[in-house]
Every structure is written in C-alpha cells, then in structure tokens.
Amino acid sequence: MSIGKVYYAATAVFSLGSICLTPVFAQDSEGTETGQDPHSPIIDDSEFDATIPQIDENPDASMGSVADWEAEQRRLERDAQQEDAEDGLTALPAVQDGDPDELIADAPVNDPEMDDPLTPIESFDVEPFDESQYTEADDSEQAASLRYDYRIDGLESLNESGKTQIRPVSADDILGRFGDLSALDDGNGKAANGAMVSARMREDQQLLVDIMSGQGYFDALVNGSVELPEAEGEKLAVVFQMTPGRRYNFGTIMFETDPVVPVDLIARNFVPKIGEPIVAERVLAAEANIAVVLPQEGYPFAKTGQRDILLDPETSTGDYTLPVDIGPRSSYGDIVTTGTTAFDAEHIEVLTRFEKGDLYDSRMVDDLRKALVSTGLFSIVSVNPSLSGEAGPDGTEYATINVEQEAGPPRTLAGSAGYGTGQGFRLEGSWTHRNLFPPEGALIASAVAGTQEQGASLTFRRSNAGKRDKTVEFGLSALHSDFEAYEAFTGRLAGRVSYDSTPIWQKRLSYSYGFEILGTNEQDFNFATGVRDRRTFYIAALPGQVTFDATDSLLDPTEGFRLSAKLSPEVSFGSGTQTYGRGILEGTAYYQVSDGIILAGRTRVGSIAGADRALIAPSRRYYAGGGGSVRGFGYQELGPKDIDNRPIGGRSLVEAAAEIRYRFGDYGVVGFVDAGQVYTSSTPGFDNLRYGVGVGGRFYTNFGPLRVDVATPINRQPGESRVSVYISIGQAF
C-alpha cells in the first residue's frame, strides 16, 4: 500500500510562547516493526500448567474441610524437604521460637556480638561542630566546582528563512528569548557536577524546541552535547546543534461554531490570516481577543475550546480549527443582589449605564462593578451574568445581572497635609460615615488646623442622587482665616448640586450649581482712614460652574484641553447693599511631544462687575500668587497693596502658566514658567505681569502625583521671597 502524503494530526498546546505538537503518523501495515525476545522464559507453559491443580469435573462436589487442606500442605512440605535432602540441600533450623513444625523456619542467629552489652557513650571521642567556621559562601564555592559555557549552532539560516512580512524572526530573537528562560544561563556558568550540567542541557534542549515551535518551526531538531575541556582550567562547552527546518504558515483558518451576529464577528477579530507564519504569541492573542470581543457584542457566555492544527510537511502549512461555544445571544435582564447588602437593586440600577433589553456588553458590566467599588461601601463586590431562560428583544435571551455584595466598614478617618510659601502649613482631618442615610447618604465632620487657617465643618452628601455621579450636598462651617491680605471670622451655610466627571467615567460636560449664605467679620486696610478696621458682611450667592473636558485623563492628562466657566451673582449687606457678579474663565491644554514628555499650558481670566472694590468683602475679591496660581510668589502676594505692602485684592485677574513635564517610571521632573497679575478695575489690563520660574519633582501614585515645586520670582521686589516651595497632591493644573 502506498501513501501519497504523511500528515501530522496534532492538538496544539501553547506554553512559554510555543506550540507543542504531539504528532500521529499515518502508516501502512508493512511499515510496522517486529522483534523477538532474546531471553527464554524462566517457567515454560507446560511446567506452569503442571502446577495447577485439577478442577473437579463435578461442580457440586464437596470442597473439603480446612483440616484436609492443612494436612495436604504438610504433606507437600514433607515431600519438598525430602527432595531437598536428595539434592543435598540443608533446611533452615526452626529453633528460634521453639516451633519445629512451622512451614517457614526462623532465620538463624549466629552473631555473638548481639549478646554483648552496648559501648558507653562516654567512650566516644566527639568533637563539637563549630558553625562559625562554616558559611554558605564556602559551601557554594565547593559545590559549584564545575565551570561551563554554552553556544547554539545552526541558527544562521533563520536570518533568511525568518524574513517574513508578518512577525519576522532572526537568530538574535531566538537567542534573546532563550537567554531569558535558559537553565544554563540562570546557572551563571557554574554547576556542582556533570550530572547537573546534563540536566540543565536536557531542559534547555526542550526549551529550544518549544521556542522554535512557537515561531512556526515545528520540524526543528535540537541535539545537545558536552565538549570536554582540552586543557586543565578550561571550561566545559555545552553545544546545541540546531536544525530549524521550514517555517509553517496558516493553510486554512476555520471556526467550529453556531451562526453569530454579525456573521463575520469571530473571523474579523481573529488577527492572523491565511499565509502568515503560525506564531504562538499571535495565535494566543487572537484567541484571547475573541474571548473578549464576544461578551462585548452580546455573547456573555461564549467560551473558546481547544485549538486543533493539522500540519502538512510537504506544503509547510497548518490547517487551524478553533471550536467556539457562543451560548445564547443576550440582552440585559433584571438585577438581582445577594449577600450583606449596602443598598438594594433599585439603587444599583441608578449606577448602570444600560437599560433592560439593551444588547449585552461586558464593558458596561465592568463599568458597573467599578462604580460599585468607587462608593467605598463594599469589602467585596462582584457582578456576573447568568442565564434566565427568558426571551428578550430581537431574538436575544435576557441575562440576569447578579450582584454579590459584602458591605464593608462605612466609617473612615482621613487626613492630609500641605505647605506653601505665604500660606504656611495646613493639616486637615475628617471623619466620614458614608452610608448613615442609605443609600449613599454620608455625614462628614472635618477640621482644619494651620498656621493661617483654623476651622470646622459638618456636611451632608448624597452621592448618585437619582442619577449616576449626581451629588447633592449641604454644609455648615465656621472658619478663621489670617492672611496677609485680610483676617476673617466666617460662618457659612451652603448647598450644591453637581454632575461630576470621575476617573471611572470621565465626561465631556459636567456642571454644578448651588447657593451660599455667609456671615463674615473681616479686617482689611481702609484707605480713607489709613488704618486697618473691621467690617461685617452678610452675603447671599448663587454660584455655578460648567466644564467641557476633552482630555485623555481626569487626574493626569497628557493630551487634549479643558474649558471651564464659573459665575456667581451675589448680594452683599453690611456696607450698604451691593449687587455684583463674580466670573472666571479658565482653559488648560496638553500636548504629548514623545513618550514621557508633555507640554502643558493654562490661562485664567477673572472679573467682578457691579460694585467698587472697597465695598466688596476682602474674602470675595480676587488674589494671585501661590502653588495653584502663580508660583514663585507667596499666597495672595500679587496685586495692589496698602501702605504696609500688604495685598488688598482686586476686581480682576490674569494668570498663565507653561510646563514641560518629563516622566520616567514612577518619577518625574517639571520645568515651568508662571505669570499673573491682579487689577483694581473690573477689566483686566494685561499689563505689569509678574513672572516666576522654577522646577519640580513628581512621584506618581495610583491616586495622583505627589508634587514638590520650587520657584523664584523674576525681578524680585522688596518683601518677596527669593525661593518659594509648594508641596501638594496632584499636578498644578
């Protein structure tokens, strides 16, 4: 019988970036090998059959008693002893336990030393072991007495056969991968003995086969050998002789699966194409991509099976087949929650970004899980789909969303610290019960103690109030501020509704609006009297803010821009009735020059219109200078000043900043130039700008960068610091 082709029928198993194949060769019957055992049997069949007792032909005959069996055994023993005596063999004496009739005799005791007493332990010469004379280094030097090198021959042909348009491979690629995983390489050329070298060689020989098969060279042969040193002092040489063979390409790519919607959903997400080399990493990535994409496209229960590759040595191709169990196409069903719950399924629905009946997308389920985690109310929470068996829209089946909760401790103690030139040290602490008024109704008590600020506040905050990321907040606070510009004792009642952007769900548009009622007693300079005096102001305000965000990150952007506008119409009583409006426009932009290098810029323009500066409470005026404003100057240091060279604030301001940021790993350095000025008029003049320059360091954490900036003013004026230091969390902008 003749065979036109020989195929490898193989199941591919991927490990360490390789495809391990177990081939089964198709052969005709003439190709089998035969052989004969050269050893003759110890007992031939006739002798074995003779020892088997005859079976009684009558199955109903009596089996005999135990006594009959014992008598027969004694007879056989006597016959055996008689045969031994005739052959000149002597039986073992059975006298050790006094039983002469036992079938197996006791072993003779013929060692007289067994009856001698034990030697006293004091007679032994014992030398104590001195641990101080022994070190692991001594043991390592003695154990690693063999030195070796290794090399791989035969990879040169890869520089030609491996030149493919898709995933080319060279000898350097193989050597680099081998060096990362090699047992010989890990041994640093040292071994205790030849057996250890041999074991490492065998392990690395298989490693080379795996690496080559992972690049599509399934016919690669590797022979390992050891070359002994020719002279004393030279090293052993472990030599791997490589024969790469031909590189296999995809011949066909097939998927064993039920129809999917759309019909090419699986095929278009399997990146390798027919004619490309069969590269393990590429195949694994493509299979993983299918496992990810299917749940994103309405198949939450999809599973990929064991791949199968049929290799044809004549054409150097492999026919790839992947079974995929897609499960039912699904839409979102009901939300079911179990466990120790922090809140019910109704509030979980507020956090979802999908509706019942929408086509299932695993990304939205992951988003829900992240939103639940971000509430801070769980020690453990999981979100998983399950089959409901209930028909959904558009031919789908509802997938029940199961939320397993384990509520965590709801109380939190927190603290923060910072320092800024002109602002001094600032310590802030808070106590929070995040779910005192379920769902997500928090009570927050906080206090601040610093060189220039002291105060306390109590806040009620409802998170996700009827809508994801919508917050309703009411607060009551008392604060004492003692700055160069003014001193104030302020009581404040405020409320705010906000729709916030979060790291989990960064939004293009966010907003806030609310109210403020303040009573404040403040001291500043009175130009009419030439002294600092106190006045009391009662202020009602309706602040609002809108932000448009087109950056790539909320906490540490590298590309895009942000625009925000703040407006607060206010009424002030105390120095007559004053009605005015406070507004600020701010823009920031970010541009990534290369990996790790970012250019960032910021501008800010503010104005107060409707009242004279002197009739506006000092704490409601505009100031510039400090870590979040113009670095190089103290807090609120810029702008018009009184006769004591203390800032008095103004009705408009201009600020600008430019940074170049360089990040390397978890660290970064920043160079910056800031500019700004405050004006007494309601329209900024854009003149007399003051500049500060400096450098900063960053340490990046999972909650944002820690920032230390050092700056100095350009054209420093009397009373201004030569160097200002700012320590905080987060980028300057």
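**Group meeting: a pocket, a helix and a sheet**

The lining of the second largest pocket has six nonpolar residues, seven polar and nine charged. Here Ala, Val, Leu, Ile, Met, Phe, Trp, Tyr, Cys and Pro count as nonpolar, Asp, Glu, Lys and Arg as charged, and the others, Gly among them, as polar.

This is a predicted model, where local features need pLDDT of at least 70 and side-chain atom pairs 80 or more, while totals for chains, interfaces and linings use all residues. Numbering runs from 1 along each chain as its sequence is written, and side-chain values use heavy atoms, leaving out hydrogens and water.

Back to the pocket. A pocket is an open set of points on a 1 Å grid over the protein atoms alone, where a 1.4 Å probe fits, with protein on both sides within 12 Å along at least five of seven lines; lining residues have an atom within 4 Å of a point. There are 22 lining residues, and Ser374, Ser463, Asn464, Asp469 and Thr471 lie nearest the centre. Helix H11 (362-374) and strand E19 (470-482) are the elements giving two or more residues; helices (H or I, at least four residues) and strands (E, at least two) are DSSP runs, numbered from the N terminus.

Next, the sheet. Four strands make an open sheet with mixed pairing, ordered E5-E4-E7-E6; strands pair if DSSP finds at least two bridges between them. E5 (190-191) and E6 (221-227) are the edge strands. E6 pairs with E7 (236-243) in the antiparallel sense over seven bridges, and Asn223 stands opposite Gln241 in E7.

Last, helix H9: Gly298, which follows H9, has a positive phi, near 100 degrees.
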